[in-house]
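I opened the file to look up strand pairing and helix packing. My entries follow.

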Amino acid sequence: MPFIIIFVLIVIFIIIVSCIKVVPQAHAYIVERLGAYQTTWSVGLHFKLPIIDKVAKRVLLKEQVVDFPPQPVITKDNVTMQIDTVVFFAITDPKLFCYGVEAPMVAIENLTATTLRNIIGDLELDQTLTSRETINTKMRATLDEATDPWGIKVTRVELKNIMPPAAIRDAMEKQMKAERERREAILKAEGEKKSTILVAEGKKESAILEAEAEKQSAILRAEAEKEKRIREAEGEAEAILKVQQATADGIRMIKDAGADESVIKLRSLEAFERASDGQATKIIIPSEIQGIAGLAKSVKEII
């Protein structure tokens, strides 16, 4: 009998412990009573009635990521390609998530595939390759609206890979190679053009500097020549002044010595002799000087 009581107590203890539940952070528990939805447990300590209550589903409330396999899609210009998508979502209503749709992940995958085909079907190949952001935005809006009744919030959709057919990839690589070669040729031509311009500008600047240097040199030579001529003129003027001064002094000395007119005329004759200096072939002598020629000869004979 004691063993039966102990056994019953153990069973009761196990039942009581099983009715105590602790919900961890970022989780929610869906509780059903006799098969019908009863309540949703959030974070904390909870109790349930034994046997008639049960935790039907444990729901993770963290943002989740689902990477779906590549889906075949056809573009507007009839090019078939493979595109795989990544969907980021979070469960906002655990009750709707449990009872809104059967197999929510499968539903999201199929919905993603059909939405992607609808969007890509309106775009050509080039638009598909260059409009990732537009496609992502449209898919997120469509999926978010469709999953609201399921208690799911789609926060982000990304196209992971876009894989055109091999022939298209080869053609695109050739096109990109040709484009790169064209850009390289353009850059090379622009570089040569800039180089030619810089060389021409350098030559022009050099010619301007040479012309400026030549101009300065010519100015300096002209100034030197001017200075030389000024100094020569000053020298000649000074020499003439000295000669005139000497002549004036000589005349003054003769006059102070009391020389008569004959002596003065004789001195004039000597001046003409010095003027000829043996270089002149013809000298015109004034008539008044000719009259004293005989006087000069007589004076010479007397001396």
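I took two strands as paired if DSSP finds at least two bridges between them. Strands (E, at least two residues) and helices (H or I, at least four) are DSSP runs, numbered from the N terminus.

The model is predicted, so I kept its limits in view: local features need pLDDT of at least 70, side-chain atom pairs count only at pLDDT 80 or more, and totals for chains, interfaces and linings use all residues. Residues are numbered from 1 along each chain as its sequence is written, and side-chain values use heavy atoms, with hydrogens and water left out.

Entry: sheet. I looked up strand β2 (residues 27-33) and found it paired with β5 in the antiparallel sense over seven bridges. V31 stands opposite V55 in β5. The open sheet has three strands in the order β3-β2-β5, with antiparallel pairing. β3 (36-41) and β5 (53-60) are at the edges with a single partner strand each, so one side of each has no neighbour in the sheet.

Entry: helices. I then checked how α3 (residues 104-120) packs on α5 (residues 132-147): the angle is about 140° and the axes are 10 Å apart. That makes α3 oblique to α5. Axes are lines fitted to C-alpha atoms, for helices over the stretch in contact, and angles run from 0 to 180 degrees between N-to-C directions. Angles under 35 degrees count as roughly parallel, over 145 as roughly antiparallel, 65 to 115 as roughly perpendicular and the rest as oblique.

Entry: contact (heavy atoms within 4.5 Å). I listed residues of α3 that meet α5, among them I108, L111 and T115. On the α5 side I noted I135, K138 and M139, among others.
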